Amino acid sequence: MTLLTVDDLVVEHRTPGRPLVRAVAGASLTVAAGEVVGLVGESGCGKSTLARAVCGLNPAASGTITFDGHPVTPLGLRRRDRALAGIQMVFQDPYASLNPRRRVGAQIADGLRTAGDTVTAPADLLERVGLPRDFAGRHPHEFSGGQRQRIAIARALAARPTMLIGDEPISALDASAQAQVARLMRDLAVESGAGLLFISHDLSVVRLIADRIAVMYLGKIVEVGRTAEVWADPRHPYTKALLGAIPAPDGAGVLPAELSGDVPDPADPPPGCRFHPRCPVAMDVCREREPAFGPVACWLHEPA
Ligand code: SF4
Ligand code: MG
C-alpha cells in the first residue's frame with residue numbers, strides 16, 4: 001500500500017532582495033508501508049526541503065503530496081496532524097528532537113502519550129533500540145552521538161509512527177555507528193510496518209538498508225530504482241558519479257571517483273539537463289532540452 005505520494009512537487013525559498021530559489025523543482029516520489037526508500041544526492045540538492053515539505057515545515061508552491069490517501073498540500077501536515085497521521089522525523093542533530101535538560105525516559109514518555117500508549121514503558125523502547133533500560137533516568141548530554149541518535153529514534157518510535165523520515169540521521173555519527181543506526185532504523189520501520197524515507201548523501205550506507213533508491217540532483221529526482229539494480233547498473237551519469245565511477249566520454253575506462261565542480265546555484269539552474277555542466281557525456285540536446293521523464297531523467301535513456 002502506498003503511504004506517501006509526492007507528485008511534481010515544487011518548493012520555493014523566497015528571501016527579500018534575493019532571487020527566488022526553487023529548492024525542489026518538480027520532484028515525484030512514493031513510499032509504501034513497510035518500504036525503505038533512500039533519497040540520495042549531494043548537499044544542496046533539495047532532499048531536506050522535500051522532506052520538510054512533507055512535514056509541513058515548508059509550503060509547496062505547486063504539485064501534490066498525499067499521505068495515507070489524504071491530500072496534504074499546499075501546506076503539508078501541521079504539527080498536530082503530523083502526530084495524528086503518525087509521521088515522525090529523525091534529524092541529523094538529535095538535539096533537534098531531544099531536550100538536553102530533560103531525562104531521556106520523560107521524553108520517550110511524551111511520544112507514548114502521543115500514541116495513547118499506556119502499556120509500554122520508556123525503558124522498553126530503549127531496549128528496542130539497543131540501549132540499557134536504566135538510561136531512562138539520565139540526560140541526553142551524558143551520551144555519545146550514536147547513543148543520542150538511538151534515543152531520538154526510541155522517542156520517534158514511541159509515537160507509533162506509520163512513517164519515519166530520517167533527514168541525514170547518520171551524517172554526524174562516527175563511521176562505526178553509521179551503519180548500525182541506519183540498520184536499526186530499517187529494522188524498526190520494517191518490523192512495525194512503517195514506511196521509511198531515509199535521506200543521506202552516502203550511497204554506500206543507503207545501499208545497506210533501502211529497498212529502492214531515489215537520486216536527487218538540483219531539485220529533481222533523476223533516477224529511481226530497486227537498490228540492487230541501481231547499484232549493479234546505475235544509469236544516470238549523476239548516479240554513476242555518486243557511485244564513484246564515471247565512464248569516460250569515449251566509453252573507455254573509468255574516470256576517478258570525484259565529481260568535478262559544485263552543485264550549481266539553484267537560483268540560476270542551467271538550461272536543459274541541470275546536470276549538463278558537470279556531465280562527462282553531455283550532448284547538444286542536453287544543453288537545450290530538459291529530460292523530463294522517469295525513471296531515469298537523462299537523454300541517454302529516453303523512453304522509446
Ligand atoms: Fe548527461 Fe545529457 Fe544525461 Fe544530462 S541528459 S545526464 S547532460 S547525458
Ligand atoms: Mg539536507
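**Strands, helices and a ligand**

Guide: Strand β7 (residues 163-167) is joined to β8 by five bridges, and these two strands run parallel. Please keep in mind that this is a predicted model.

Visitor: Which residue in β8 is the bridge partner of Gly-166?
Guide: The partner of Gly-166 is Phe-198.

Visitor: And which helix does the chain pass through on the way from β7 to β8?
Guide: The chain passes through helix α6 (residues 175-192), and this β-α-β crossover is right-handed.

Visitor: Which way do β3 and β8 run, parallel or antiparallel?
Guide: Strand β3 (residues 36-40) runs parallel to β8, and five bridges join them. In this pairing, Val-37 has Leu-197 in β8 as its bridge partner.

Visitor: How many residues of β8 are buried?
Guide: Six of the six residues of β8 (residues 195-200) are buried, and the strand is mostly covered. Gly-195, Leu-197 and Ile-199 point one way, Leu-196, Phe-198 and Ser-200 point the other way, and all are buried.

Visitor: Let us change topic. What is the strand order in the open sheet of four strands?
Guide: The order is β2-β1-β4-β5, and the pairing is antiparallel. At the edges are β2 (21-32) and β5 (70-71), each of which pairs on one side only.

Visitor: How many bridges join β1 to β4?
Guide: Five bridges join β1 (residues 2-13) to β4 (residues 62-67), and the two strands run antiparallel. One pair of bridge partners is Val-10 with Ser-62 in β4.

Visitor: Which strands does helix α1 touch?
Guide: Helix α1 (residues 47-54) packs on the sheet and touches β1, β2 and β4. The direction of α1 makes about 115° with that of β1.

Visitor: Why is α1 said to be largely enclosed?
Guide: Eight of the eight residues of α1 are buried, so the helix is largely enclosed by the rest of the structure. Among these buried residues are Lys-47 and Arg-52, together with Leu-50 and Val-54.

Visitor: What is the phi of Gly-56, which follows α1?
Guide: The phi of Gly-56 is positive, near 80°.

Visitor: Where do other positive phi values turn up?
Guide: Asp-8 has a positive phi of about 50° although it is not a glycine, and Asp-8 is found in strand β1. Arg-160 also has a positive phi, near 50°, and lies in the loop between α5 (145-158) and β7. For comparison, most residues other than glycine have a negative phi.

Visitor: Why is Asp-8 called partly exposed?
Guide: Asp-8 has 14 other C-beta atoms within 10 Å. A residue counts as buried at 20 or more and as exposed at 12 or fewer, so a count in between means partly exposed. Arg-160 is also partly exposed, with 17 other C-beta atoms within 10 Å.

Visitor: Which residues does a cis peptide bond join?
Guide: The cis bond joins Gly-294 and Pro-295, with omega about -5°. Pro-295 lies in the segment after α10 (284-288). In general, most peptide bonds are trans.

Visitor: Last topic: how many residues surround ligand 1?
Guide: There are 14 residues around ligand 1, and the closest are Cys-273, His-276, Cys-279, Cys-286 and Cys-298.

Visitor: How does that shell divide into nonpolar, polar and charged residues?
Guide: The shell around ligand 1 has 12 nonpolar residues, two polar residues and no charged residues.

How values were computed: Residues are numbered from 1 along each chain as its sequence is written. Chains are lettered from A and ligands numbered from 1 in the order in which they are written. This is a predicted model: local features need pLDDT of at least 70, side-chain atom pairs count only at pLDDT 80 or more; totals for chains, interfaces and linings use all residues. A residue is near a molecule or strand if its C-beta atom, placed from the backbone, lies within 6 Å of it. Ala, Val, Leu, Ile, Met, Phe, Trp, Tyr, Cys and Pro count as nonpolar, Asp, Glu, Lys and Arg as charged, and the others, Gly among them, as polar. Two strands pair if DSSP finds at least two bridges between them. Two residues are in contact if their C-beta atoms, placed from the backbone, lie within 7 Å. Axes are lines fitted to C-alpha atoms, for helices over the stretch in contact, and angles run from 0 to 180 degrees between N-to-C directions. A crossover is right-handed if, with the strands pointing away from the viewer, the path from the first strand over the helix to the second runs clockwise.
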